[in-house]
Amino acid sequence: MENSNFSQISFVKVFGERNTGTNFLNQLINQNTDLSVLNHGDNKIPKKRLNQIYKHYSFLDKDSPMLRADKKAASLVLDRLVDQQRKDEYLQNFGWKHALVDVENLKVSPRFNETLFVFLIRNPWRFVSALHRRPHNLFPLQKGSLDDFVDSSFLANERDRMPCNFVQSPVEFWNIKVESYFNSQSVLRNSFVVYYEDVMESPGHFLKSLAPYCDVSETLSIPMKSTKGDDKSFDDYQKETAMYDPLSELGETVYFKILGKLNKETLKKTPYMPS
């Protein structure tokens, strides 16, 4: 089905924070539309690439005393290499899917006018608790309680594209990036915000929202296998999402601590603002 207003759209780029369902959404779009999903690999640097590009840096050698003795240093070094890799790929795929979004940066890519941008948002309480369980690309790693985690500061990756080097709480990742999604949506006609909970409740309804931009399969194909290394199915995630209540799940102390750190103006734009 061709739409005269959006017939130029060939690609889709999904932006969303860590642990918010970006892998699932990319797979859902790939299996049910004719759009080309602009994504990137995981954050591991291929050994061949390391040998070719960074062959002069002896500290990257697997036998390097620094990397063997200091895992935090190794993590920091490798993260900076991933930062560069995401930067090198920017013109092709708009960089890291978990990054803050800046429209002026998006316009640099020759694929800008051909791309639909989807901004994925998840319940902030669930995002923070999921990040505590799976602290992808956070430095330094925190092994304490969720209560302590909420008060911890972190060094942002360059590929986060954050306006600050450090965040005082992981809640800041949600505040700043979600606000960037709304700011971008307000000026990009080929974009929209979608909520993780809505996608999980009805993947088919989400796909219908893509119909003005592309061909959507009449037969729904749902990715059933978890991308988190567990045995959960789509049905399991769907039930968890429907039953989730942050206050009862996290308890009053953590619930209100997170609420106190959330940007209320941003929160009001979402369905998550407590009544």
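Author: A polar contact is a pair of N or O atoms within 3.5 Å; within protein, one must be able to donate a hydrogen and the other to accept it. Keep in mind that this is a predicted model.

Reader: Okay. What lies 3.3 Å from the backbone oxygen of Asn39?

Author: A polar atom of the Asn93 side chain.

Reader: Where is Asn93 placed?

Author: In helix H5, residues 90-93.

Reader: Is Asn93 buried or exposed?

Author: Buried. Its relative accessibility is 7%, and the cut-off for buried is under 20%.

Reader: Which residues does Asn93 touch, not counting those up to four places away in sequence?

Author: Asn93 touches Lys13, Leu38, Asn39 and His40.

Reader: New topic. What is the strand order in the open sheet?

Author: The order is E2-E1-E3-E6, and the pairing is parallel. The edge strands are E2 (36-37) and E6, each pairing on one side only.

Reader: How many bridges join E1 and E3?

Author: Six, between E1 (residues 11-16) and E3.

Reader: E6 is an edge strand. Why is it described as largely enclosed by the rest of the structure?

Author: Because five of the five residues of E6 (residues 191-195) are buried. Both faces are covered. Ser191, Val193 and Tyr195 are buried on one side, Phe192 and Val194 on the other.

Reader: Which strands does helix H1 lie across?

Author: H1 (residues 22-32) lies across E1, E2, E3 and E6, at about 160° to E1. Helix H9 (residues 171-185) lies across E1, E3 and E6, at about 145° to E3.

Reader: Now H7. How many of its residues are buried?

Author: Eight of ten, in a helix spanning residues 124-133. Among them are Trp125, Arg126 and Phe127.

Reader: Which residue caps the N-terminal end of H7?

Author: Asn123. One of its side-chain oxygens lies 2.9 Å from the backbone nitrogen of Trp125.

Reader: Is Cys214 buried or exposed?

Author: Cys214 is buried, at 4% relative accessible area. Cys164 is partly exposed, at 28%.

Conventions
Residues are numbered from 1 along each chain as its sequence is written. This is a predicted model: local features need pLDDT of at least 70, side-chain atom pairs count only at pLDDT 80 or more; totals for chains, interfaces and linings use all residues. Side-chain values use heavy atoms; hydrogens and water are left out. Buried means under 20% relative accessible area, exposed over 50%, partly exposed in between (1.4 Å probe, protein chains only). Helices (H or I, at least four residues) and strands (E, at least two) are DSSP runs, numbered from the N terminus. Contact means heavy atoms within 4.5 Å. Two strands pair if DSSP finds at least two bridges between them. Axes are lines fitted to C-alpha atoms, for helices over the stretch in contact, and angles run from 0 to 180 degrees between N-to-C directions.
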